[in-house]
Amino acid sequence: MTSPTALICETQAWKDLKGHVEDINKTHLRDLMSDAHRCESMMLEFEGLLLDYSRQRATVETMDKLLNLAKAAQLSEKISRMFNGEHINSTENRSVLHVALRAPKYAVIKADGKNVVPEVWNVLDKIEDFSEKIRSGSWVGATGKPLKDVIAIGIGGSFLGPLFVHTALQTDPEAAECAKGRQLRFLANIDPVDVARNISGLNPETTLVVVVSKTFTTAETMLNARTLRNWITTALGAPAVAKHMVAVSTNLALVEKFGIDPNNAFAFWDWVGGRYSVCSAVGVLPLSLQYGFSVVEKFLKGASSIDKHFQSTPFEKNIPVLLGLLSVWNVSFLGYPARVSMESNGKGVSIDGLPLLFETGEIDFGEPGTNGQHSFYQLIHQGRVIPCDFIGTVKSQQPVYLEGEVVSNHDELMSNFFAQPDALAYGKTPEQLQKENVSENLIPHKTFSGNRPSLSLLLPELSAYNVGQLLAIYEHRVAVQGFVWGINSFDQWGVELGKVLATQVRKQLHSSRTQGAAPEGFNYSTTTLLKRYLETSPEPKM
Ligand code: F6P
């Protein structure tokens, strides 16, 4: 057990794992994979979702040691504290309860002594009602036309989660059927080019704008919101805002100040972190407008199924826990710098403010399908070692089989899903190449060292339910890593400094443009760049 101020790296469990790295460095995945007993123990299934982590550079002993680390980090207690609504986001003095957003109506989940589930369902019921009105055409725009297109304005967590779900559902047959004749677009970036792209081909008369911002103060979102308000009022007059603009926020006072009717505002709460907000109105409203509430409810149920699994399954069979522990292993012990992660695990201090003596967080990248094979896979096969997650489905959302082809299109895709992990794990030796009569000078170039870890997640299909499961697995993985590292996965002070400096620049640009003031208080480089920008920019003088 760690005392509150000790770093996890001071525990015996951590030291055991450090010592164990030497054992693992003597192994190769080629050999580890030939141990069927080991591989069998590294596969598990939940509701048809299959996790195979046998291609991780880990043995049964490693897993035991990681489970010991979980104990030393008091992982079980920390998970319970999260579900019990304790203020585990201590630097912001908040509960972390995104799990309440998808809890069934009868559940009881308390924040500060109050059951939050009824409030959650009040908003969900309101979304169901509102989205039905829009979709059925009983709510019309200022000129009496149904609103068939939606632009959701938001950035960061108020954008990426909803975009992920929208991208996944767009081709799901059931969801696509429900979305017929409708469009959902997202406006995040402040570049005016993105405004132009978003409104291109849309008519304000048939467009509903949803402003999504937890704080309702984010500079980019608010300027984009004012820009689209201007687009609407220029075309339809000021009163049209009441029919064409709604909001999602925790700050309902600012929503009203902006000019959006509070009746058309959809609330969420400070116990929902921005990056964990897709299951709140942040995602549920735009997605319900596009696909109907019943489809989105399936997504919520999928996420909830993983919440239950995460909360109650023993760690050795617990998907998010295993994924989290393996990530800790890869980052902090094997020293691999990249994988898929979210912003808040990149920290330099523990939750108690102690400087960390190990790395946390990873660099996040990936690509759908085989796009990666034709771009960055060179790097992961013969360059840097980067643990990979391969996510595939048994059933395609849009199956295609062309007569005369060797396999269906989905089988073609999945051939890569099965092949790539083995290519990474086994590699190709000089001996194999010699047997293939590869010329000597090419052997070094065609050798693959292998021993590159990955894991495979095979889902039955990519239905709304499974998308919800996938989301929750990755959300909880982040939490598990943070709990073990002893950091706060739910705050994000690291994004603040840039915002403050941008405010200073914004003020300077305003005074330069309106009063001709020379840039002041910046370093040589920024001053030079600002001068160049101001002198040559075609922006209108204000
Ligand atoms: O700057 C990061 C961040 O605060 C994210 O956490 C958040 O999702 C995003 O900005 C947008 O914030 P908001 O929803 O308050 O507009």
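A salt bridge is a side-chain nitrogen of Lys or Arg within 4 Å of a carboxyl oxygen of Asp or Glu. Glu177 and Lys180 make one here, with their closest N and O atoms 3.2 Å apart. The model is predicted: local features need pLDDT of at least 70, side-chain atom pairs count only at pLDDT 80 or more, and totals for chains, interfaces and linings use all residues. Residues are numbered from 1 along each chain as its sequence is written, and side-chain values use heavy atoms, with hydrogens and water left out. Let's walk through the structure topic by topic.

**Salt bridges**

- How many salt bridges does a search of the whole structure find? The search finds 20.
- Both Glu177 and Lys180 are exposed, where exposed means over 50% relative accessible area, buried means under 20%, and partly exposed lies in between (1.4 Å probe, protein chains only).
- Salt bridges that share partners link Asp52, Arg55 and Asp422 into one network.
- Lys105 and Asp125 also pair up through their side chains, at 3.5 Å from N to O. Lys105 sits in the loop between α5 (75–83) and β3 (110–111) while Asp125 belongs to helix α6, so this pair ties together parts that are 20 residues apart in sequence.
- The helix and strand labels come from DSSP runs numbered from the N terminus: helices are H or I with at least four residues, and strands are E with at least two.
- Asp125 has 31% relative accessibility, so it counts as partly exposed.
- Asp129 and Lys133 form another salt bridge, at 3.3 Å from N to O. They are four residues apart in helix α6, which means about one helical turn separates them.

**Around the ligand**

- There are 13 residues around the ligand, and Ser158, Ser213, Thr215, Thr218 and Gln492 come nearest. A residue is near a molecule or strand if one of its heavy atoms lies within 4 Å of it.
- By class, this shell holds two nonpolar, eight polar and three charged residues. Here Ala, Val, Leu, Ile, Met, Phe, Trp, Tyr, Cys and Pro count as nonpolar, Asp, Glu, Lys and Arg as charged, and the others, Gly among them, as polar.
- Which residue has a polar side-chain atom 2.5 Å from an oxygen atom of the ligand? That residue is Ser213.
- Lys499 places a polar side-chain atom 2.8 Å from a ligand oxygen atom, and Gly157 has a backbone N or O atom 2.7 Å from a ligand oxygen atom.
- Taken alone, the ligand exposes 390 Å², and the protein buries 88% of that. Accessible areas come from the Shrake-Rupley method with a 1.4 Å probe; for residues, only the protein chains shown count as cover.

**Inside and on the surface**

- Is helix α13 (residues 281–291) largely enclosed or open? Eleven of its eleven residues are buried, so α13 is largely enclosed by the rest of the structure.
- Among the buried residues of α13 are Val282, Leu285, Ser288 and Tyr291.
- Just after α13, Gly292 takes a positive phi of about 90 degrees.
- Leu147, in the loop between α6 (117–136) and β5 (149–153), is buried, with 1% relative accessible area.
- On the surface, Leu497, Val500 and Leu501 form a nonpolar patch with about 300 Å² of accessible area together. Patches are made of residues with over 30% relative accessible area and no salt bridge: like charges are joined within 9 Å, and nonpolar side chains (Val, Leu, Ile, Met, Phe, Trp, Tyr) within 5 Å.
- Leu501 lies in helix α21 (residues 496–515) and is partly exposed, at 44% relative accessibility.

**Loops and backbone angles**

- Most residues other than glycine have a negative phi, and most peptide bonds are trans.
- Glu47 has a positive phi, near 50 degrees. This residue is in the loop between β1 (43–46) and β2 (49–52) and is partly exposed, at 43% relative accessibility.
- Phe216 has a positive phi as well, near 60 degrees. Phe216 is in the loop between β7 (207–212) and α10 (219–236) and is buried, at 4% relative accessible area.

Conventions: Polar contact = N/O pair within 3.5 Å; in protein donor to acceptor, adjacent residues only side chain to side chain.
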